[in-house]
Every structure is written in structure tokens, then in C-alpha cells.
Amino acid sequence: MPIPEKLLQSLEGVPGYDRAAFTAVHESGAQVTSLRLNPAKPTDGAQLPLAERIPWTRSGYYLTRRPSFTFDPLFHAGTYYVQEASSMFVEQALLQHTDGSTPLTALDLCAAPGGKSTHLQSLLPEGSLLVSNEVIKSRAAILVENLTKWGADNVVVTNNDPQHFARLGGFFEVMVVDAPCSGSGLFRRDPEAINEWSTDNVQLCQGRQQRILADAWPALREDGLLIYSTCSYSPEEDEAILDWLSESFAVESLPVRLQEGWGIVEVRSPGGGAWGYRFYPDKVKGEGFFLAAFRKRESAPAAKGKVQRPELVPAKEAGTLERWVQADGLRFLRHSGRIFALPEPLLSSFTTLQGALYIQNAGLGIGEAIRDKLIPDHALALSPRLHPSVPRTELDAALAVRYLQRADFALDTQKGWQAVTYGGYPLGWINALPNRLNNYYPREWRIRSAGNDATFEK
Ligand SMILES: C[S@@+](CC[C@H](N)C(=O)[O-])C[C@H]1O[C@@H](n2cnc3c(N)ncnc32)[C@H](O)[C@@H]1O
């Protein structure tokens, strides 16, 4: 499928664009596969064909080929996230422009399926809060799934329109806007998308990007960091947005230091000279991507949201839960009959969020308490905070896949609730009754067919 001529023409004169090399790399059919290891669930990735490290991130690797992630139980255990390499550059923007030790309140505004959010969660200093938002409800569910597998307890997933964030005046110190775009940067991966590309859609996307930024802008604190990115090559969605931002708001454009050999092209926007970073697949080992960083240099309006007090679980009941979860520093809360836990210092932020946004998931799901018994939440099994005294049974690869298919299987094991593991990492719960074994893998997450592979995440 040839790249649209109108796109090629629109890139003439854009720094770093080389028509011959750009079209050749698209025509070559060459594919790059990469992933990021989860530092909270350390593995050596020995089961994966890992090649060299991705130079702009501490935890990303290229692969020599694309394996079947779907049939690797450690993928479902959340030990890694399959992600396009260029996108991991967000790490440089964050680490170069935050001090790395002060806890931060961060927003990932356009977050599904969760590539940037899982990455940010790994990078944010201890004690930070990440609000991971997705406006489309079905995609918010995928976001919850991926963040649950990642095993974090400091993330709140919301399902809101960007304009709802205006109620949270000055709430965030970091805001990542990985905006919906015309998607030309992913043509190599998804040639079907070429058919959907049009100059009209580029214009449409530009308007939407401006609206998203303007709507959420009040939620960023004065001196807060904005990271804007797209997977589009079109200057209308990249440099033109930087110029529009600089004209519309008081911002300071921030450079991101590059190292020799990365192949990333540094650009200045034509109007205001804002710094931007372009990724071309003929120059970097990764897909098309664009990123820019700004510091907000104006005050934010006061927060308007109402405060909604969370229902804390009384200490006596919390004592029972401590058999299941390493609870140091956590507080247990109840919401719609479900118990979840949040790091204590994040409680007051959660109170504010609860009054302003539609919360899909908060902190670490613990389960449902029925009298003094707990029906454990799937998230608890996937959390590094799962108590070491909770019984576990290791499965071999074939049984682990059956478990992940939510199929029936037999196991000679002790009775009651226990986590099933693979390579030592929990995959979820089973409940062994006297005459049968119940598989509690979430129905909507199960491996459905022999053929479906995990999607490649941006
Ligand atoms: C480029 S994708 C995000 C990818 C994600 N950040 C990641 O790294 O995995 C953009 C997201 O914005 C969402 N979106 C679409 N329209 C939107 C709008 N008007 N406001 C906010 N988000 C929108 C899409 O549903 C999509 O999930």
C-alpha cells in the first residue's frame, strides 16, 4: 500500500524528512518489535528473543523477532508490556524535567490502552499519584486491565472527557497528552490505516488536539510539566500545535537532550521556535512519533469540584485483610461493595478526584468481604503486595495457558483460595473445592482462540 502522495508532499521541507529513505523503509516491510520490562516484577526475559536495549529508556528492549505474546503466561502476569520503541522517549522528557525525588501528581489524559501510563507508573518517584484517563468507556476497560496486570497501587483510572478536568484547577504537576491523531506514524505497522488517511482528517485531528489541550489546561499547576505527543508526521498536528500552544497560553518550551546515534530529529516550530522531537523509521529503530515538552508559566484557577469523603474500612475488619496483603502504608476503603486499598498519603487527592470524575478503578482492588471471609479481587493476585503467606501453586506452561483460557483443569492441591503462578509470578485465583476446582480468571480477559495475539501497543 503506497503512502498517500498528499502526505509525502506535505512533508517536503520538514526537518529530517527524506522522501526516498522514508518511502523505502515503508516499502521494505521490515518490522520492529519491542517491549518494556516491568521493574516491579523483575524477570530476565529469558523466554523472550530480547536483543539490544532501546537507548532512550532504562527498561525497553528490541526483540529479534515477534513471538506469540498471547501464549506467554508472563505477558499476562504483567512482567512486561509490548510497546513501540519511539513512544518510550516520554521517559527522557519526564526525567530531564522533574527532580526525580519529590512525589508527583500526574495525569495521563488520553491513556488507553496504557503504554504511556504503565511507563509513567514505573518512572514516577515513590509516593506519586497517577491519574490515567480514557474518554471511551470500552477502551477505559482495557486500560484498567493493563494497569492491573502492571500491579500498581498508586493509579486511579478515570473515564472522563478532557473538559471535566477543568474542575481540578492546578491539581496536576505533570500532564501527558498523547493525543488522538491521524496515525501516519503507524503506517508501517498497520498498512490498513493508510486507507483512512486524508488531509481532512489531519485538519479534524488538529482541531481536536487543540480542544483537548485547552479543555484540560486549567488542571495543570503553574510551573507544571506538559508532555504533548502524537504518532503523526503531519506538521499540522505537531509543530503547528506547539505554535498554537505558545500563542494561546503562557508556556516555556523545554528542550530534551539527545545523545548521538539515537537518530531522533530535533526541530523548532516555525512560529515560536518551540522544541520538538521527530521520529522517522528510516532514522530510528521505531515508528513515527513526535514529542514536545512545556512548562506552564501562568497560574491555574482554583479547584471547583466537590469533595466526596471515601468510606474507610474500620480497623477491626482491616486486620482480617492484612492476612492477604502487605498493607504497610495502605488504607482500605469501600466503594460499591468492593474493598480497595490506596497508599495513605494519596487519600486526600482521591477524595478530590472522587468528587470530580468518573472513577473506573482506584488503587489496588482487594476484594469483597462477606462476613469475615474475603473473595479476593483479581488485582490482588497480580500485585507485588500479595501477602507471601497466601497459598500459591505453580503451573507448567500448558496448564498456565489453560488457566488463562479460563478452561477447566484438574490439580492435586490444597483446598481453598490460592494464587496460581507461572515462573513464580501470580496469574490469578483458583478456589479448590472438595469436588472441583473453580477457575477465577476474569472472563473478559481470557485467551479466546488459538490464533489471537496480544495487540501491539502504541
Ligand atoms: C494515541 S491514543 C493513546 C495511546 C496511549 N497513550 C498509550 O500510550 O497506550 C489516543 C487516545 O485518545 C482517546 N481519545 C479520542 N478522542 C478523544 C478526545 N476527544 N479526548 C480525549 N481523548 C480522546 C482515544 O480513545 C485513544 O485511546
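Predicted model: local features only at pLDDT ≥ 70, side-chain atom pairs only at ≥ 80, totals over all residues.
**Helix α6 and its partner α5**

Two packed helices are described by the angle between their axes and the distance between the axes. For helix α5 (residues 115–123) and helix α6 (residues 137–150), the axes come within 9 Å and cross at roughly 30°. Angles under 35 degrees count as roughly parallel, and α5 is therefore roughly parallel to α6. Their crossing is right-handed. On the α5 side, the contact is formed by Ser-117, Thr-118 and Gln-121, while α6 supplies Leu-143, Asn-146, Leu-147 and Trp-150. Sorted by class, this contact of α5 with α6 holds 3 nonpolar and 4 polar residues, with no charged residues.

The burial of α6 involves Ala-140, Leu-143, Val-144, Glu-145, Asn-146, Leu-147, Thr-148, Lys-149 and Trp-150. Besides α5, the elements against which the buried residues of α6 pack include the helices α3 (73–76) and α12 (378–381). The strands β6 (129–133), β7 (155–158) and β17 (359–362) also pack against these buried residues. Just after α6, Gly-151 adopts a positive phi of about 85°.

**The pair α8 and α9**

The crossing of α8 and α9 is right-handed. From α8, the residues Gln-206, Gln-209, Gln-210, Leu-213 and Ala-214 meet Ala-240, Ile-241, Trp-244, Leu-245 and Ser-248 of α9. The contact of α8 with α9 comprises 6 nonpolar and 4 polar residues, and no charged ones.

**Backbone geometry**

Ala-112 and Pro-113 are joined by a cis peptide bond, with omega of about 5°. Pro-113 is located in the loop between β5 (105–108) and α5.

Asp-223 is not a glycine, yet its phi is positive, at about 75°. This residue belongs to strand β9 (residues 220–230). Asp-223 counts as partly exposed because 13 other C-beta atoms lie within 10 Å. Arg-406, likewise not a glycine, has a positive phi of about 65°. The loop between α13 (397–404) and β21 (416–422) contains Arg-406. With 17 other C-beta atoms within 10 Å, Arg-406 is partly exposed.

**Surroundings of selected residues**

| Residue pair | Separation in sequence | C-alpha to C-alpha distance |
|---|---|---|
| Ala-369 and Leu-321 | 48 residues | 9.0 Å |
| Asp-377 and Leu-258 | 119 residues | 43 Å |
| Leu-37 and Arg-392 | 355 residues | 23 Å |

Is Ala-369 buried or partly exposed, given its 18 C-beta neighbours inside 10 Å? A residue is buried if 20 or more other C-beta atoms lie within 10 Å of its own. Ala-369 has 18 such neighbours and therefore counts as partly exposed. Strand β18 (residues 364–370) is the element that holds Ala-369. Apart from neighbours within four places in sequence, Ala-369 is in contact with Glu-317, Ile-339 and Leu-374.

Asp-377 occupies the loop between β19 (373–376) and α12. Its 22 C-beta neighbours inside 10 Å are the reason why Asp-377 counts as buried. When neighbours within four places in sequence are left aside, Asp-377 is in contact with Gly-365, Ile-366 and Gly-367.

Leu-37 lies in strand β1 (residues 33–37). Because 20 C-beta neighbours lie inside 10 Å, Leu-37 counts as buried. Not counting residues up to four places away in sequence, Leu-37 touches Thr-43, Gly-45, Ser-59, Thr-79 and Tyr-80.

Notes:
Residues numbered from 1 in each chain as written. Axes fitted to C-alpha atoms, helices over the stretch in contact; angles between N-to-C directions. Helix = DSSP H or I, 4+ residues; strand = E, 2+ residues; numbered from the N terminus. Parallel < 35°, antiparallel > 145°, perpendicular 65-115°, else oblique. Left-handed = near helix turned anticlockwise from the far one by under 90°. Contact = placed C-beta atoms within 7 Å. Nonpolar A, V, L, I, M, F, W, Y, C, P; charged D, E, K, R; others polar. Buried ≥ 20, exposed ≤ 12 C-beta atoms within 10 Å, placed from the backbone.
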